[in-house]
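This report describes contacts in a predicted model. The sequence and structure are shown first, and the account of the contacts follows.

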2 protein chains.
Amino acid sequence: MGMRIGELAARAGTTTRTLRYYEARGLLPARRGHNGYRTYDEDDLKLLRQIRTLQDFGFDLEETRPFVECLRAGHPEGDSCPASLAVYRRKLGELDALIGELQAVRAQVGQQLERAERARAELAADAEVPGGPEPVCELGGDHR
Amino acid sequence: MGMRIGELAARAGTTTRTLRYYEARGLLPARRGHNGYRTYDEDDLKLLRQIRTLQDFGFDLEETRPFVECLRAGHPEGDSCPASLAVYRRKLGELDALIGELQAVRAQVGQQLERAERARAELAADAEVPGGPEPVCELGGDHR
DNA sequence: GTAGCCCTTGACGCCGACGTCAAGGCAAGA
DNA sequence: TCTTGCCTTGACGTCGGCGTCAAGGGCTAC
């Protein structure tokens, strides 16, 4: 029934280093066999998968703790407890805020790009009038 | 006309440490006075403001380099050069990709939250039938 | 016995953009 | 002269989530 750290890591698609790190952080403690080896069971795999899923969502390790504790308290899902739901909600707020900021930045950068492109177009057009097209600025850009 | 590092930092709303860091990175070299003090002028302030603006947009320091070099080459704006426009475009792509990922995560987390809330609602409803409402799980959550 | 694989702990490395502290120099005002 | 305030260089600390290396122990197969 039990497995050692290498197998657990492989089954969760992660590394032994990561598991030891989680243990050091108190997130995924391990039992020890007679020889000092860490021993895990299927429940640990479930905990670990919960952590990894949330990590993939961009949750901090600390934010996964309520989910892990909820599972260890015997609940069917990591998000069966209010503390986990609270983390979900907080994360949604953070995501919305971040997405909003990034969209604002995206708009600003887009405007800057358009403005700069218009400025270069005007320079090019001006150059047509006097004495033929002259190069404007070739600092490292478009070549190749 | 010249100013020392403290004044430049204050006028740009940053710190002396930051300016020394930029200099170490070769981004904002400084002349030196007779006593070894760094000396800056209004052009340096302009360079610095360009860097800070881009940093606020989330650009890496290295990504600001083409803008700085463009200004130092005598162009009116940091984005008057093709290399700068290339950075703009690359950044737009990165932003779009990132925003897309975050929106996908947001949707997933939203679904998880709804599912978990429904599950709890069903548990609460089930509890109504037998012998009155019983507490479901109070691990650290909603209190206060 | 010995090769080979897995395990153990400990500890330093990484990345980016600085913060923070230490020890000392220069200039100006009281 | 002494204090005050700004300046200098150098170097270590921060944060998260591990990667990577070192030195050594355990167990199995041959």
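## Surface near the DNA strand

The residues of the surface near DNA strand C comprise 6 nonpolar, 7 polar and 8 charged. In this classification Ala, Val, Leu, Ile, Met, Phe, Trp, Tyr, Cys and Pro are nonpolar, Asp, Glu, Lys and Arg are charged, and the others, Gly among them, are polar. In total, 21 residues surround DNA strand C, and the closest are Gly6(A), Arg38(A), Thr18(B), Tyr37(B) and Gln55(B). Of the atoms of DNA strand C that come within 4 Å of the protein, 64% belong to sugar and phosphate. A residue is counted as near the strand if one of its heavy atoms lies within 4 Å of it.

Four helices each supply at least two residues of this surface: H1 (5–12) and H2 (16–24) of chain A, and H2 (16–24) and H3 (42–56) of chain B. H2(B) gives the most, with 4 residues. Helices are DSSP runs (H or I, at least four residues) numbered from the N terminus.

## Phosphate contacts

Gly6(A) places a polar backbone atom 2.7 Å from a phosphate oxygen of DNA strand C. From chain B, polar side-chain atoms lie at 2.9 Å from a phosphate oxygen for Thr15(B) and at 2.6 Å from a phosphate oxygen for Gln55(B).

## Interface of chains A and B

The contact (heavy atoms within 4.5 Å) takes 39 residues from chain A and 39 residues from chain B. About 3,500 Å² is buried between the two chains, with carbon and sulfur atoms giving 74% of that area. Buried area is the accessible area (1.4 Å probe) that two parts lose on being put together, summed over both.

Between chain A and chain B there are 6 salt bridges, each defined as a side-chain nitrogen of Lys or Arg within 4 Å of a carboxyl oxygen of Asp or Glu. One salt bridge joins the side chains of Arg106(B) and Asp96(A) (2.6 Å, N to O). On the side of chain A that touches chain B, helix H4 (61–72) and helix H5 (82–128) of chain A each supply at least two residues. H5(A) provides the largest share, 23 residues. The residues of this side of chain A divide into 21 nonpolar, 8 polar and 10 charged.

## Basis of the values

Residues are numbered from 1 along each chain as its sequence is written, and chains are lettered from A and ligands numbered from 1 in the order in which they are written. In this predicted model local features need pLDDT of at least 70, side-chain atom pairs count only at pLDDT 80 or more, and totals for chains, interfaces and linings use all residues, while side-chain values use heavy atoms, with hydrogens and water left out.

Technical notes
Polar contact = N/O pair within 3.5 Å; in protein donor to acceptor, adjacent residues only side chain to side chain.
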